[in-house]
Amino acid sequence: MTENCITVKDLTIGYKRHCVLSNINFSIKRGELAVIFGPNGSGKTTLFKTILRIIPPLHGTIIYGNSHYPKFGYVPQRQHLDEIYPFTAEEVVLMGTFGTVKPFSPTPGKNRILVEQCLRDVGMLEFKKQLFSELSGGQKQRILIARALATQPDVLLLDEPITGIDVHAQKKIIELISELHSKRQLTILMITHEVHHIPKWVNKIIHIHHYKVVLGSLEEIVALSRIDEIPNEGTDTYGTII
Amino acid sequence: MEQLFEILSPHFLLRNALYAGLLVGLVCPQVGIFFVLRRMVLLGIALPQVSNAGIAFAFLLHTLGWHFFAHMESEKVMALSGSIVFTLIAIFTLAILERVQKGFTENRIGFTYALAGAASILFVAWNPYGQTEVLSMLRGEIISIPDLYLLSMLAIYGAIFIFLIGFHRNFILVSYDIDMAITLGKKAILWDILLYLIIGVVISFGVMNVGPLVIFGFLLIPPMAARMVTRGISMFCIISSVIGVAASFIGFYLSYRFDLPTGPTDVALLCIIFALLFIGKIIFRLKR
């Protein structure tokens with residue numbers, strides 16, 4: 001049986017004393033692709049940041065794998081990154097290696113090779129000298145995915161990776177995520193607020209709706225969204241995928 | 001040309017002022033890039049004013065017979081202490097208010113600037129003995145720097161420069177994407193505090209030695225100019241300091257050649273460089 005990579009138990013999340021979501025329970029298995037789906041402001045990003053230990057949980061526990069804290073590759077919402085910074089695409093990806101480089105030392109050659117490889121993997125090698133701020137939405141997203149890959153992650157977390165980009169670019173990003181999932185066997189956790197952004201081949205959907213967390217298959221979540229009926233229990237499980 | 005050779009001579013009478021200017025031109029833009037990139041330019045205006053108020057306050061205390069350092073007669077040490085204390089209190093108060101998001105950033109900085117400006121003038125007005133010194137600092141008069149102050153400036157600015165270069169990745173990452181920094185295991189709050197400390201020390205020490213106008217000019221204008229003409233963060237940082245050092249040297253030469261006050265000449269030259277680069281960029285775009 002595949003081991004759990006992330007197990008969330010009775011988790012309550014929020015900022016300071018303000019609770020955003022409570023009674024969250026789910027687990028992600030190694031190599032799974034899971035989607036956190038819910039409307040804007042429902043607490044998806046807060047849940048992500050809690051998993052990443054950026055903000056502490058208000059209550060409950062998160063268990064990471066069996067023994068060690070996994071390496072996370074985080075792809076934030078690109079709108080949150082200020083375009084005043086004159087980074088080239090290559091420099092943005094290079095940031096992914098900052099966790100391994102010692103102070104006062106130049107960038108090691110192996111990191112430069114890794115960055116080139118990550119840029120190649122996302123199909124952006126030819127744009128490496130281009131300013132990040134001058135790229136299109138889809139291209140920026142690819143660069144941010146490459147940056148996350150440069151951390152050599154066990155788990156890839158993508159926050160709204162296909163929001164605000166054109167349909168063609170959306171398709172390309174979904175293809176890229178699919179490829180990373182299948183070829184690299186990466187565990188992927190992705191946020192979206194639009195149901196048609198959820199790939200059909202997703203393993204698990206964590207649906208946040210009316211301040212409750214529901215797990216289920218794509219069909220069940222779509223059905224739930226349509227009839228807008230969520231049981232009164234805090235967390236419920238639907239389907240057999242979990 | 002004769003004056004240029006004179007300036008370059010190791011026995012040049014005003015060499016300390018030249019070296020201090022070059023140090024400011026090299027180091028201040030490296031701190032200033034964080035003002036520009038973090039969109040804290042207004043803070044770059046307000047903090048030198050706060051530092052100035054600290055100096056004026058220290059002079060006032062000294063004249064009134066209050067001493068921070070009982071056995072030290074030096075007014076300069078008192079002034080530096082006042083500058084550092086006022087600047088650090090201001091920067092950390094503003095940073096804490098920013099973090100808890102109380103009110104608007106611009107309002108807070110505007111209030112700080114107005115308060116510090118008024119306080120500086122009042123402290124000077126109450127202290128007629130300190131008036132000449134503080135007014136000369138306000139004008140940015142960097143001519144009279146003794147060896148001891150130059151050496152201490154070299155030590156402090158040199159250490160800060162090396163520190164900023166050595167930990168460049170951490171400062172940039174924490175400024176650009178704090179979430180990513182935490183994910184990579186960086187202690188984001190620690191790096192933020194260190195950056196604020198560096199800003200506080202650079203401004204306090206700089207204002208003390210070369211005046212608020214010069215510090216403000218060298219903190220902000222070189223990075224603003226460099227950002228227009230560079231691609232990539234590394235080139236941006238290098239060109240910022242190149243502009244700072246070049247403006248400092250040419251400004252010193254012009255002020256010596258035409259008998260002008262050095263600080264304002266340096267800042268005016270920085271503005272001219274900024275304007276020329278801006279025009280050059282427009283022409284370059286039109287040609288493309």
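**A note on the two-chain model**

1. Let's begin where the chains meet: 25 residues of chain B touch 34 residues of chain A, contact being heavy atoms within 4.5 Å. This is a predicted model, in which local features need pLDDT of at least 70, side-chain atom pairs count only at pLDDT 80 or more, and totals for chains, interfaces and linings use all residues. Residues are numbered from 1 along each chain as its sequence is written, chains are lettered from A and ligands numbered from 1 in the order in which they are written, and side-chain values use heavy atoms, with hydrogens and water left out.

2. Chain B and chain A bury about 2800 Å² between them, and carbon and sulfur atoms give 61% of that area. Buried area here is the accessible area (1.4 Å probe) that two parts lose on being put together, summed over both.

3. Four salt bridges are counted between chain B and chain A; the rule asks for a side-chain nitrogen of Lys or Arg within 4 Å of a carboxyl oxygen of Asp or Glu. Asp177(B) pairs in this way with Arg147(A), and their closest N and O atoms are 2.6 Å apart.

4. Over all chains, the count comes to 13 salt bridges. Among them is the pair Glu32(A) and Lys204(A), at 3.5 Å from N to O. This pair ties together distant parts of the chain, 172 residues apart: Glu32(A) sits in the loop between strand 2 (18–29) and strand 3 (33–37) of chain A, and Lys204(A) is in strand 8 (residues 204–209) of chain A. Strands (E, at least two residues) and helices (H or I, at least four) are DSSP runs, numbered from the N terminus.

5. Now to helix packing in chain A. The axes of helix 3 (residues 109–121) and helix 4 (residues 137–150) of chain A come within 9 Å and cross at roughly 140 degrees. Axes are lines fitted to C-alpha atoms, for helices over the stretch in contact, and angles run from 0 to 180 degrees between N-to-C directions. Helix 3 and helix 4 of chain A are therefore oblique to each other; under 35 degrees counts as roughly parallel, over 145 as roughly antiparallel, 65 to 115 as roughly perpendicular and the rest as oblique. Leu114(A), Cys118(A) and Leu119(A) of helix 3 meet Ile143(A), Ala146(A), Leu149(A) and Ala150(A) of helix 4.

6. In chain B, helix 2 (residues 15–37) and helix 10 (residues 188–210) have axes that come within 11 Å and cross at roughly 140 degrees. From helix 2 of chain B, Val24(B), Cys28(B), Val31(B), Phe34(B) and Phe35(B) meet Leu195(B), Ile198(B), Ile199(B), Val202(B), Ile203(B) and Val210(B) of helix 10. This contact divides into 11 nonpolar, no polar and no charged residues. Ala, Val, Leu, Ile, Met, Phe, Trp, Tyr, Cys and Pro count as nonpolar, Asp, Glu, Lys and Arg as charged, and the others, Gly among them, as polar.

7. Also in chain B, the axes of helix 11 (residues 212–229) and helix 12 (residues 233–257) come within 8 Å and cross at roughly 125 degrees. Helix 11 and helix 12 of chain B are therefore oblique to each other. The residues of their contact are nine nonpolar, three polar and one charged.
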